[in-house]
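Colleague: I want to check the labels on this model. Please set each value against its definition.

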Amino acid sequence: MTSKNIQFLILIIVSFLACAQDKNPVNNDHYHEIVVTELNNPWGFAFLPDGSMLINEKDGRIIHFKDNKKTEIANPPDIYLRGQGGLLDIELHPDYKTNGWIYFSYASSTGTGDGGNTAIMRAKLKDNALVDKQVLYKATPNTTKGQHFGSRIVFKDGYLFFTIGDRGNRDENPQDLTRDGGKVYRLHDDGRIPEDNPFVDTKNAKTAIWSYGHRNPQGMKINPSTGDIWTHEHGPRGGDEINIIKKAANYGWPIITYGKNYSGTTITDQTEKEGMEQPLHYWDPSIAPSGMAFISSDKYADWKGSVLIGSLKFQYLDLCTLKNGKVVKEQRLLDGLGRVRSVEQGPDGYIYVGIENLGIVKLIRGQKNEN
């Protein structure tokens with residue numbers, strides 16, 4: 001290789017690395033305390049009424065953390081552990097104190113065909129074991145692809161909403177209402193299909209669908225200021241998105257996107273199209289978002305009202321300042337601590353963050369007193 005060609009190659013590499021760097025500034029007005037140690041991949045966690053935690057490890061273990069002790073819960077869901085699939089999100093029923101229902105999303109191999117797909121289960125906790133397990137939804141068909149299972153869970157107005165990614169089949173699943181994948185779904189809390197779901201009268205449609213045209217949503221929360229469902233989802237190379245979820249809406253993947261193929265080639269030259277929703281916000285380069293929480297407590301001064309989003313790629317917690325419903329500023333928190341997988345605001349008003357190969361940490365505003 002000639003000297004000229006080597007210089008050209010170096011220029012390309014440097015340019016690529018420059019484009020791949022995240023430029024959000026670091027905010028140092030915070031510190032953290034490690035609350036739960038030695039976790040591998042805390043994909044989701046939830047607080048029980050007594051303040052203890054139930055933690056989903058992606059490898060299939062459910063851990064009850066109480067009084068600084070970990071107890072593994074028996075009889076968890078049978079998971080399909082492959083690639084991005086495993087034991088995923090966990091959410092308590094809004095009326096948990098009365099009915100005791102806990103909801104799980106996970107990759108499951110049940111049904112016909114090799115591989116697995118995303119499933120939703122509810123169960124109750126008794127004597128450190130899950131009982132009364134009920135599968136409420138199982139996506140089809142099974143596939144051995146290891147990517148884009150979704151999946152987050154929220155409750156709104158008594159309904160259960162959850163996400164399933166496109167399962168690596170972007171050219172068929174997201175835009176086809178007869179197929180699972182690349183969708184947000186809505187069920188009654190017992191798994192029944194609501195009669196006013198948007199596609200109940202559409203021939204051969206998956207009637208649990210609420211919105212479609214998604215890639216891989218791994219964040220979903222209710223905005224406490226508006227009551228809207230917000231999601232974020234992974235783009236390809238560039239084009240991670242925040243979306244506000246609307247009934248029957250098409251979010252465009254893969255017909256419109258702000259991203260490219262991982263190789264750098266073009267997926268589509270369209271970033272908008274009539275009848276398809278624009279993202280509230282998008283990232284380029286991708287931050288690989290996972291986990292999401294709104295700050296609604298008074299523990300964080302002027303951060304209240306912001307939304308927090310984990311970055312797997314750049315290993316920080318993204319503090320997104322909102323104004324008039326738009327992201328106007330981003331800052332890095334917990335910078336370099338590890339791949340941020342899950343984020344929750346606890347019953348004490350503090351933010352808790354699940355970080356791969358570390359554990360769950362508590363985010364505290366201000367400077368740590370070393371005395």
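**Labels and their cut-offs**

Modeller: The protein chain exposes about 16,700 Å², and carbon and sulfur atoms supply 47% of it. Accessible areas come from the Shrake-Rupley method with a 1.4 Å probe; for residues, only the protein chains shown count as cover. This is a predicted model, in which local features need pLDDT of at least 70, side-chain atom pairs count only at pLDDT 80 or more, and totals for chains, interfaces and linings use all residues. Residues are numbered from 1 along each chain as its sequence is written, and side-chain values use heavy atoms, with hydrogens and water left out.

Colleague: What makes the protein chain as compact as a globular protein of its length?

Modeller: First the inventory: the protein chain has 2 helices and 24 strands. Helices (H or I, at least four residues) and strands (E, at least two) are DSSP runs, numbered from the N terminus. The radius of gyration is 21 Å, close to the 21 Å that the globule rule gives for 371 residues, so the chain is as compact as a globular protein of that length. The radius is taken over C-alpha atoms, and the rule is 2.2 Å times the number of residues to the power 0.38.

Colleague: Why is tryptophan 283 called buried?

Modeller: Its relative accessible area is 4%. Buried means under 20%, exposed over 50%, partly exposed in between (1.4 Å probe, protein chains only). So tryptophan 283 counts as buried. Tryptophan 283 sits in strand E17 (residues 281-283). Beyond its neighbours within four places in sequence, its contacts (heavy atoms within 4.5 Å) include Gly239, Glu241, Ile309 and Cys320.

Colleague: And why is lysine 203 called exposed?

Modeller: Lysine 203 has 71% relative accessibility, so it counts as exposed. Lysine 203 lies in the loop between strand E12 (183-188) and strand E13 (209-212). Its C-alpha atom is 9.2 Å from that of leucine 177, 26 residues apart along the chain. Over the protein chain, buried residues make up 55% of the 371 residues.

Colleague: How many cavities of 30 Å³ or more does the rule give?

Modeller: The count is 2. On a 1 Å grid over the protein atoms alone, a cavity is a set of points where a 1.4 Å probe fits but cannot get out, and a pocket is an open set with protein on both sides within 12 Å along at least five of seven lines; lining residues have an atom within 4 Å of a point. Grid points are joined across faces, edges and corners, and a volume is the space filled by probe spheres set on the points. The largest cavity holds about 60 Å³. Its lining includes His234, Gly239, Glu241 and Trp253. The second largest cavity has about 30 Å³.

Colleague: Which element gives the largest share of the lining of the second largest cavity?

Modeller: E14, with 4 residues. Lys221 and Glu344 are among the lining residues of that cavity.

Colleague: What is the make-up of the largest pocket's lining by class?

Modeller: The largest pocket has a volume of about 740 Å³. Of the 26 residues that line it, Glu91, Leu92, Lys221, Glu344 and Gln345 are the closest to its centre. By class, the lining has 17 nonpolar, 5 polar and 4 charged residues. Ala, Val, Leu, Ile, Met, Phe, Trp, Tyr, Cys and Pro count as nonpolar, Asp, Glu, Lys and Arg as charged, and the others, Gly among them, as polar.
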